Structures are given as C-alpha cells and as structure tokens.
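These are my notebook entries on one protein chain. I record what I looked up, in the order in which I looked it up.

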Amino acid sequence: MLSKEGADFTKVLKRYDIDMQVTLTPEEMAEKMLPTDPVFRKVADQVLHMQFKTVGPTVMEALKERDPLDIINNGLVAGMECVAKLYAEHVYFLPEIMMAAKTMEIGIAIAEKQVPGGRESKGSVVMHAAEGDPHDIGKNIAAVMVRSSGYDVIDMGRDVPIVDFVAKVEEVKPLFASGTALMTTTMSAFPTEAKMLMDKGINIPLMGCGGAVNREYANSYDLGIYSEKAPQTPIIAEKIREGYDWKRIREEWDSIVGGQ
C-alpha cells in the first residue's frame, strides 16, 4: 500500500506558472512603488487597497498640507499605477481594478475642486469595441488606466458601428483612438476604420487591442499600432503626446513598452 508520509503536496495540483505570475503582494508592491512622502503615501495607499469609503477624508486631510494637483498625480495616480502593476502580475483582477478606479475617482473629484480652473487634461482619447463585438472588459480596464493618467476618455462602448466611430473621431479630434476585438470576425473593422480616417485626412494612431488582435495584424494597415496589455496603453499614450506618430510607435514599440 502506498504511503503519503513525507510527500510534498506543494508540487501537486499546482498551476505550472503560478509562482512566476504572483511575484509581489500588494504590501510588497506598496513598499516598492508608493511615494516616500507620508502624505502622498497615505493617499496612494487608499487607492491600492480600494478604500473608497475613507479616501474622501484622507484626501481632505492631505489638502491641508499639499497642493491638490500633487495629491492627484503623486498620490491618487501613483496608487493606481501600483494597481496596474498588480493587474499585470495577475495579483489583482477586474473587480480590484474597478474598485480601485472608483476610489481614485472619488479622490480626484475632491481634489479637483481645489484646483483653479480644474485639472488640465493631457488630451482626448476615443475608445470602443469593434462593430459586432460584445466584449468590452479589456477596453474598460484600459479606459480606467488611460483616464487615471490624466486623459479625457470618450468611451463609445461595445459593438460600435464603424461609421459612428469614424464620425466621433472626426468630431472630437482626439490624440489617438483605440479599438478592441475579442473575435476574429470583428477585428476586420480596424483596417476599414483606418482607411476611412485617412480618406478624411485624419492621421492619428489607431490602436488595435484585444484577444483577437496581435502586433503583426495591428501593423498590417496604415495608422495601426498595438497594445498587448491594458497597462501599456497609457505608456504608449505618453509617447504620442510627445509627438510620436504611428510609424515611430511601431519602430520603437519594444523599447516604449519596456517591461510591461
């Protein structure tokens, strides 16, 4: 009869990549990434740990000592950057992302009231899920991260008709636009959208995202650029804001996204 004595069950019924994925706990991430300034750190910690009930009083207290824009950028956004990293590491998932985003938005709304003229936007971004595609979870996560980085996001939702998307881009004149497709039958919307935009003289990057899209496909049509993961989107956005066009984004993509 077989005996289980001395058996190491830590190596049984365990996903092969779990150790590789979960490399940091939220506490370790806080120690590694959160600001050292105690006021900003306390604010950022509210976002990291999704404390939407107490973030308001924490931000109000911080406003007595720090500039509201600094609280937003060095506290609230810094906390969300940690959340994005934990999501990329497969420690946090969609519920945590959404709760952290809600916490951050509560804090930003309070701090913005103390900024004369309001918080300055870095630019507008139009986001959508392709025509015929009902899947929008990835888009929603990316929208949260782009919005938290200081951009105005016009989220058109899911199953957006091509003509409606092109009309919105023409109306808004955003810094860039993005489309998500989880189905191979819907990703063909992107080259069609790109051609229609170019026919109208609109030459902004059109980011292709989602499970059906890969880098090769996004680079196969003019205007197309690629974001593999939601946390990469605001990183690429910063380069576009610096003046990178879609061709340069393609050429330097590996160095731009770095470790993300």
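Which exposed residues does the face of H9 turned away from its buried side carry? I found Lys195 and Asp199 there. I note at the outset that the model is predicted.

**Entry 1: helix H9.** I then looked up the buried residues of H9, which runs over residues 189-199. They are Ala189, Phe190, Glu193, Ala194 and Leu197. These residues lie on the same side of H9, because they cover an arc of only 130° around the axis. In general, an α-helix has 3.6 residues a turn, so residues three or four places apart point the same way. The partners of the buried residues of H9 are strand S1, helix H8 (162-172), strand S3 (176-180) and strand S4 (206-209). Just after H9, I noted a positive phi of about 80° at Gly201.

**Entry 2: the whole chain.** I listed 13 helices and five strands for the protein. The C-alpha trace spans about 70 × 65 × 30 Å along its principal axes. Of the 260 residues, 47% are buried. Among contacts with a separation of 6 or more, 71% are between residues 24 or more positions apart.

**Entry 3: the nonpolar core.** The largest nonpolar core has 81 residues, and the members that touch the most others are Val59, Leu76, Phe165 and Ile236. Helix H5 (residues 68-88) gives the most to this core, namely nine residues.

**Entry 4: H5 against H6.** I looked up how H5 packs with helix H6 (residues 94-112). The angle is about 175° and the axes are 10 Å apart. An angle over 145 degrees counts as roughly antiparallel, and H5 and H6 are therefore roughly antiparallel to each other. From H5, the residues in this contact are Pro68, Ile72, Leu76, Met80, Val83 and Tyr87. From H6, they are Ile97, Ala100, Ala101, Met104, Gly107, Ile108, Ala111 and Glu112. I counted these residues by class as twelve nonpolar, one polar and one charged.

**Entry 5: H11 and Ile236.** Helix H11 (residues 232-241) has Gln232, Thr233, Pro234, Ile236, Ala237 and Ile240 as its buried residues. Their cover includes H7, S3, S4, strand S5 (224-226), helix H12 (246-251) and helix H13 (253-257). For Ile236, beyond its neighbours within four places in sequence, I listed contacts with Met207, Ile225, Tyr226, Ser227, Ile249, Trp253, Ile256 and Val257. Just after H11, Gly243 takes a positive phi of about 115°.

**Entry 6: Ile225.** I next turned to Ile225, which is in strand S5. Buried means under 20% relative accessible area, so Ile225, at 0% relative accessibility, counts as buried. Not counting residues up to four places away in sequence, Ile225 touches several residues, including Pro205, Leu206, Met207, Ile236, Ile240, Trp246 and Ile249. I also looked up Gly79, which is 146 residues from Ile225 in sequence and 28 Å from it in space, C-alpha to C-alpha.

**Entry 7: Gly132.** Is Gly132 buried or partly exposed? Its relative accessible area is 39%, so Gly132 is partly exposed. Gly132 is placed in the loop between strand S1 (124-129) and helix H7 (137-148). Leaving aside its neighbours within four places in sequence, I found Gly132 in contact with Asp159, Met183 and Thr186. Met183 is 51 residues from Gly132 along the chain, and their C-alpha atoms are separated by 8.9 Å.

Key. Residues numbered from 1 in each chain as written. Predicted model: local features only at pLDDT ≥ 70, side-chain atom pairs only at ≥ 80, totals over all residues. Heavy atoms only, no water. Core = buried A, V, L, I, M, F, W, Y, C linked by side-chain atoms within 4.5 Å. Buried < 20%, exposed > 50% of the residue type's maximum accessible area, 1.4 Å probe, protein only. Helix = DSSP H or I, 4+ residues; strand = E, 2+ residues; numbered from the N terminus. Contact = heavy atoms within 4.5 Å. Axes fitted to C-alpha atoms, helices over the stretch in contact; angles between N-to-C directions. Parallel < 35°, antiparallel > 145°, perpendicular 65-115°, else oblique. Nonpolar A, V, L, I, M, F, W, Y, C, P; charged D, E, K, R; others polar. Arc of directions from axis to C-beta.
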